[in-house]
Amino acid sequence: MSNLWGRVLHDLRNPLFRQGYALMANTVITGVLGMGYWLLAAHYYTDEEFGRGQAVITAMRLFASLTALGFVGALARYLPVSGRRTPEVILRGYGLAAATGGVAAVGFLLTLPLWGETYSVLAGFGPGLFFLGSVVVWAVFTLQDVVLTGLRRATFVPLNNLIFGLVKMGLLVALAGALPEGGIFVSWVIPTALALIPVQWLIFGVVVPRHVRQADAGQDPPRLREMGRFLAGDFPGTLSILAIVYLVPVVIATQVGEATFGRFAMAHTLASMIELLAMNMAVSLTVEGSFDRASLAQNCRRALQRALLIVTPIIAVAILGAPLILRIFGTEFADEGTTLLRLMSLAVLPRVLIEVYLSTLRARSKARALAVVQIGLAVLVLVSTVVLFPHFGVNAVGYGLLFSELLVALLIFGNLRKILKYGETARSTVTQGSSGAA
């Protein structure tokens, strides 16, 4: 035990692990509080309202993330080296994410009858306006964690989401009697909006000024054109990945009843949280790769080892304990979600390899390769899910993910292996080539 604790303390002195562990801790906190939140929702609200709340929140996150998550890679890549232009980069990211998310939400609201009965709850000026505002709020909320990570302050992220999660749960219970229809969505959005205030004060009042002061005075901040070229390659790929995370559940919501979707969404949410653990260390790798290009290969090996070490036992627990975990929410959840949770959990193993590889591409500004891998993965998932849905129902999502991510992991493995060995076979070349790298 003492050796393990000593190793953890040693890891925390390394920014790669400190950032990665902070984001993983955030995922664990979010996951535990998320389970508590949905457990309370299942207890205090009807099955139909539970499914409706899941569906509306999923739609909100889809439109808010259209650009917000598209900027995750760019902010992680360029914030560490933005210097005096850091505030401008952040504000541009916030503004573009909020604007494009808002436009997409308006298009969704104007075509609401096409999206099925589940989303009819958003009809009318008041509900529509509230949904539009929630999309804008969630877009900024999504990016603020990435901003803190890009500025090497990811340790603030778990605290923020701990407070956010607790307030959300309290409001959920409080609204159960006053707002039995719509209370789930309202209890999700209001704490999100309130959480923006202290975090933005922390970012612009404390973290950004410190980052600017510590920046190398001789460092030339990245130009908007350079960032634009990176986004032109990274954004289409990231948008494709969003189709896997958010669009697939929205499509499922249009094909099944509200109660069935609620049970599907619970299994999907739990498996997605495990997947986030793999992505957390990868985001940290992008940040540290931008700060220190010479150590990218070494950090890549470290990130892959730690990510597999952490997620493998969690995946094993999810696969073996899926029925027991889901039965907490009710026997119907276990009956309908066990296979999906197992398949999606197993798919996280190849996803670890894919995410580490994508992060090395971002750190090296290989935007074209990023787009090819991400778009290819998204097409595989969407096509396989559509083909399998008539035969396996909602479990088609799990089978499609597992097949697609295994195939892509096999295809990129050769290139990833070269990157992992690069620091051992050409250390002098890496050191020399890193000087002044973009």
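Predicted model: local features only at pLDDT ≥ 70, side-chain atom pairs only at ≥ 80, totals over all residues.
Residues are numbered from 1 along each chain as its sequence is written, and side-chain values use heavy atoms, without hydrogens and water. Local features need pLDDT of at least 70 and side-chain atom pairs count only at pLDDT 80 or more, while totals for chains, interfaces and linings use all residues.

**View 1. A nonpolar surface patch that includes Leu162.** Leu159, Leu162, Ile163, Leu166 and Val167 make up this patch of about 430 Å². Patch residues have over 30% relative accessible area and no salt bridge; nonpolar side chains (Val, Leu, Ile, Met, Phe, Trp, Tyr) are joined within 5 Å, like charges within 9 Å. A salt bridge is a side-chain nitrogen of Lys or Arg within 4 Å of a carboxyl oxygen of Asp or Glu. Areas come from the Shrake-Rupley method with a 1.4 Å probe, and for residues only the protein chains shown count as cover. Leu162 belongs to helix α7 (residues 156-178); helices are DSSP runs of H or I with at least four residues, numbered from the N terminus. Its relative accessible area is 32%, so Leu162 is partly exposed (buried is under 20%, exposed over 50%, partly exposed in between).

**View 2. A patch of negative charge on the surface.** Asp47, Glu48, Glu332 and Asp335 gather here. Asp and Glu count as negative, with the charge placed at CG of Asp or CD of Glu. Helices α3 (47-68) and α12 (331-363) each give two or more residues to the patch. Glu48, in helix α3, is partly exposed at 39% relative accessibility.

**View 3. The surroundings of Glu405.** Glu405 sits in helix α14 (residues 396-425) and is buried, because its relative accessible area is 0%. Leaving aside neighbours within four places in sequence, Glu405 is in contact (heavy atoms within 4.5 Å) with Glu275, Ala347, Val348, Pro350, Arg351, Ile354 and Leu377.

Terms used: Buried < 20%, exposed > 50% of the residue type's maximum accessible area, 1.4 Å probe, protein only.
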